[in-house]
Amino acid sequence: MGVPEKLAERMSMAEQHEYLRAKFSRRNMIRGGAVTLGAVAGGAFVPGAVAQAATPTRATAPSAEKVDGALVAPFGRHLAYGNDPRTEITVSWQVPTAVKKPFIRIGAHPWDLSRKIEAEVRTLYTPAGVGASGDHTQYYLHARLTHLRPGKTYYYGVGHAGFDPAAPHLLGTLGTFTTAPDRAEPFTFTAFGDEGVGYHGLANDALLLGQNPAFHLHAGDIAYADPSGAGKTEDTGFDSRIWDQFLAQTETVAKQVPWMPAYGNHDMEAWYSPNGYGGEEARWSLPDNGPDAKNLPGVYSFVYGNTAVISLDANDISFEIPANLGISGGTQTKWLEGQLKKFRASRDVDFVVVFFHHCAYCTSTAHASEGGVRQEWVPLFEKYTVDLVINGHNHQYERTDVIKGNAVSKKLPIGGTAYPETEGVVYVTAGAAGRSLYAFTAPDSYEGNEHEVDSVASFINLKDGKQNETVAWSRVRYLNYSFLRVDVTPASKGRLTTLTVRGIAETGAEVDRFTVARRAK
């Protein structure tokens with residue numbers, strides 16, 4: 001029931017969207033429920049908070065039946081920072097059917113959850129005939145909390161009419177989160193890309209908690225509900241229900257660790273909106289400080305301690321998978337430079353970490369390197385001495401030497417130290433979170449199993465197609481499931497502050513380690 005092939009050939013994505021919307025309009029789609037943004041005041045909260053109204057993001061089919069709320073349990077809780085991680089957190093979750101009066105309770109202690117805030121409802125309707133989804137409605141709920149205290153742990157519970165997490169028999173459903181501190185302190189964050197649903201993603205999630213991360217970065221291709229990944233309505237195999245499984249799988253971590261995604265090619269679900277992100281906007285509530293929240297909802301930045309983090313949407317500049325190529329009209333790259341300039345000028349920011357999906361530098365036999373990234377963003381990374389770039393897309397672990405001017409400026413062996421202020425940028429592909437693995441043309445080379453080679457045969461995706469290249473910058477290659485751990489150690493002004501970066505295998509073993517150092521401001 002997608003767009004007919006002959007029509008699709010001469011229709012833009014926006015036109016295809018309008019076609020589908022008109023086709024399904026007879027299904028009595030209506031706007032979603034009432035929406036509020038929650039802000040809390042008093043006690044553990046900063047005074048002066050005000051509740052604000054927001055707009056539903058999706059249309060939905062009406063619920064066909066009324067279900068006793070006491071029989072419906074929330075699931076799939078996941079956290080995200082607001083624009084200021086010191087004072088803003090959004091708690092998101094899912095329910096399997098429509099509920100009345102959804103809310104969140106929050107307090108400084110598990111026995112004090114008297115503050116009750118209405119939740120925003122975002123419903124997502126997938127008609128039968130769109131992939132393998134069947135006629136499926138998903139109900140996502142969000143509570144944006146503002147005016148929180150920096151560096152403080154809060155307890156929360158989510159519920160609705162008939163299901164109150166403050167009830168004694170439901171106290172086991174409570175979760176916690178901790179806001180960012182208002183000063184530079186040591187902390188850890190984790191990162192990976194290309195997770196999906198399955199044993200290996202679950203195993204990596206279990207290891208993440210043991211790292212005690214302040215937050216987690218997901219570098220795109222999140223759940224793989226769309227296995228084709230071309231960003232087109234004729235993609236086959238799409239199943240919106242995969243998201244139910246994914247959010248349940250990650251809840252153990254994401255209910256207490258802010259889960260900050262960038263969007264990859266498998267996250268462009270073309271049936272919901274012209275840019276493919278309508279589904280993502282229903283499921284996630286991310287910072288809205290990017291250049292174009294409507295077209296690029298996965299582009300944003302935040303600061304935690306002495307480290308600035310920037311999430312980008314490489315679909316906008318991808319030659320390899322061009323469904324959204326040029327969607328920002330250049331505004332994303334202009335915004336990126338503005339952010340880099342701002343953070344480098346800030347007295348409070350030492351490190352700048354950038355993450356996105358498509359790889360700037362990778363030697364995988366599947367996707368390898370993206371020429372659009374090298375063309376548009378790599379010069380800015382070098383100009384503003386970005387400290388670490390994290391990518392997914394290629395399902396393996398690979399780490400470069402220090403790169404400047406598209407060449408090795410310094411070899412960076414396992415255990416080595418890079419100084420980006422003078423030497424260049426280090427790129428890490430951490431795309432082995434859970435999906436099936438790809439391959440290298442060169443042998444694996446990782447901690448305890450080093451096989452150094454002078455050059456590696458690879459290719460880069462350009463506007464006119466693939467171009468072969470032989471590279472010297474591939475330093476660490478590990479073809480198994482893994483994730484990234486980064487430990488940030490601040491320092492007093494003028495002394496060396498460090499990022500210690502480790503590749504951690506699904507077994508818990510360390511496969512890579514290096515340090516990024518610069519003088520603290």
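Q: Leaving aside neighbours within four places in sequence, which residues is alanine 214 in contact with?
A: Beyond those neighbours, alanine 214 is in contact with Tyr81, Phe187, Thr188, Val257, Pro258 and Tyr304, where contact means heavy atoms within 4.5 Å. This is a predicted model, in which local features need pLDDT of at least 70 and side-chain atom pairs count only at pLDDT 80 or more, while totals for chains, interfaces and linings use all residues. Residues are numbered from 1 along each chain as its sequence is written, and side-chain values use heavy atoms, with hydrogens and water left out.

Q: And where is the place of alanine 214?
A: Alanine 214 is in the loop between H3 and S14; helices (H or I, at least four residues) and strands (E, at least two) are DSSP runs, numbered from the N terminus.

Q: Is alanine 214 buried or exposed?
A: Alanine 214 counts as buried because its relative accessible area is 15%, given that buried means under 20% relative accessible area, exposed over 50% and partly exposed in between (1.4 Å probe, protein chains only).

Q: What about asparagine 212, exposed or buried?
A: Asparagine 212 is also placed in the loop between H3 and S14, and with a relative accessible area of 63% it is exposed. Asparagine 212 has a positive phi of about 55°, although it is not a glycine.

Q: How many aromatic pairs does a search of the whole structure find?
A: The search finds 23 aromatic pairs, counting rings of Phe, Tyr and Trp (its six-membered ring) whose centres lie within 6.5 Å, with planes under 30 degrees apart called stacked, over 60 edge-to-face and the rest tilted. Phenylalanine 215 and tyrosine 304 form a tilted pair, 5.6 Å centre to centre with 55° between the planes. This pair links distant parts of the chain, since phenylalanine 215 is in strand S14 and tyrosine 304 in strand S16 (residues 300–304), 89 residues apart. Both phenylalanine 215 and tyrosine 304 are buried.

Q: What do tryptophan 243 and phenylalanine 246 form?
A: Tryptophan 243 and phenylalanine 246 form an edge-to-face aromatic pair, 5.8 Å centre to centre and with 75° between the planes. They are separated by about one helical turn because they are 3 residues apart in helix H4 (residues 242–254). Tryptophan 243 counts as buried at 0% relative accessibility, and phenylalanine 246 is buried with a relative accessible area of 0%.

Q: Which residues form one aromatic cluster?
A: Tyr81, Phe187, Phe189, Phe215, Phe302 and Tyr304 form one aromatic cluster.

Q: Now the core: which residues of the largest nonpolar core touch the most other members?
A: Among its 88 residues, Val91, Phe177, Phe215 and Leu217 touch the most other members, a nonpolar core being a set of buried Ala, Val, Leu, Ile, Met, Phe, Trp, Tyr and Cys residues joined through side-chain atoms within 4.5 Å. A second, separate core has 32 residues, including Val352, Val378, Val386 and Ala442.

Q: And how many helices and strands does the chain come to?
A: The chain comes to 8 helices and 31 strands, and buried residues make up 59% of its 521 residues.

Q: What pLDDT does the chain average?
A: The chain averages a pLDDT of 89, with 87% of the residues scoring at least 70; pLDDT is the predictor's confidence in each residue, from 0 to 100. It stays under 50 over residues 1–43 and also over residues 45–64. Where pLDDT is low, the predicted coordinates should not be read in detail.
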